[in-house]
Amino acid sequence: MTQSNKDKVQAMFDAMAAGDFELMKSYLHAEVFVTEADCLPYAGVHRGPDGYMRLVDKVLSTWDDLQLSVSAMAEVGDMVMVISEFAGKNKTGVPFNMPMTEVFHFKDGKISEVRPYYFDTHKLAELSIQ
């Protein structure tokens, strides 16, 4: 039985939680890219599986106690939308918790683009420099 795109996103999240970054990479298309907001410390377009993993490393090193709590996933065609809570602490211990939505696009059965939408990117930017 083949995995649905929704199952692939969940499996990638599970691999991330387990620290299995090689398994995470296996779900990524060779041309994958993620565009992060200009105001964030990990701003820009991150390309390819290695660029994606560098982005993950930067996000994990920016925040402490980072948690992504998924509340819903919906699959429509070659897209999966994930609604979650993005929570953690900045380096001085100030906590944050905000809604986040990510849209995963698929090509050839692998994740080819991720579009993250944070509820308040400016709050994250301020917290990252405190």
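Student: Why is Ser 84 called buried in this predicted model?
Tutor: Its relative accessibility is 1%. Buried means under 20%. Ser 84 therefore counts as buried.

Student: Where does Ser 84 sit, and what is it in contact with?
Tutor: Ser 84 belongs to strand S4.

Student: S4 spans residues 79-89. What else packs against the buried residues of H4?
Tutor: Strand S5 (95-107) and strand S6 (110-118).

Student: Which residues of H4 are buried, and how do you know that they lie on the same side?
Tutor: In H4, residues 121-128, the buried ones are Thr 121, Leu 124, Ala 125 and Leu 127. Around the axis they cover an arc of only 165°, so they are on the same side of H4. The face turned away from that buried side carries His 122 and Glu 126, both exposed.

Student: What makes Asp 120 a cap for H4?
Tutor: A side-chain oxygen of Asp 120 lies 3.3 Å from the backbone nitrogen of His 122. The cut-off for a polar contact is 3.5 Å. Asp 120 caps the N-terminal end of H4.

Student: How do you know that the length of H1 agrees with a helix span?
Tutor: H1 covers residues 5-17, 13 residues in all. At 1.5 Å a residue, the span should be 18 Å. The end C-alpha atoms are 19 Å apart, which agrees.

Student: Which residues of H1 are buried, and what follows the helix?
Tutor: Asn 5, Lys 8, Val 9, Ala 11, Met 12, Phe 13 and Ala 15 are buried. Gly 19 follows H1, with a positive phi near 75°.

Notes
Residues are numbered from 1 along each chain as its sequence is written. This is a predicted model: local features need pLDDT of at least 70, side-chain atom pairs count only at pLDDT 80 or more; totals for chains, interfaces and linings use all residues. Side-chain values use heavy atoms; hydrogens and water are left out. Buried means under 20% relative accessible area, exposed over 50%, partly exposed in between (1.4 Å probe, protein chains only). Helices (H or I, at least four residues) and strands (E, at least two) are DSSP runs, numbered from the N terminus. The arc is that of the directions from the helix axis to the C-beta atoms. Contact means heavy atoms within 4.5 Å. A polar contact is a pair of N or O atoms within 3.5 Å; within protein, one must be able to donate a hydrogen and the other to accept it, and residues adjacent in sequence count only if both atoms are side-chain atoms. The expected span of a helix is 1.5 Å times one less than its number of residues.
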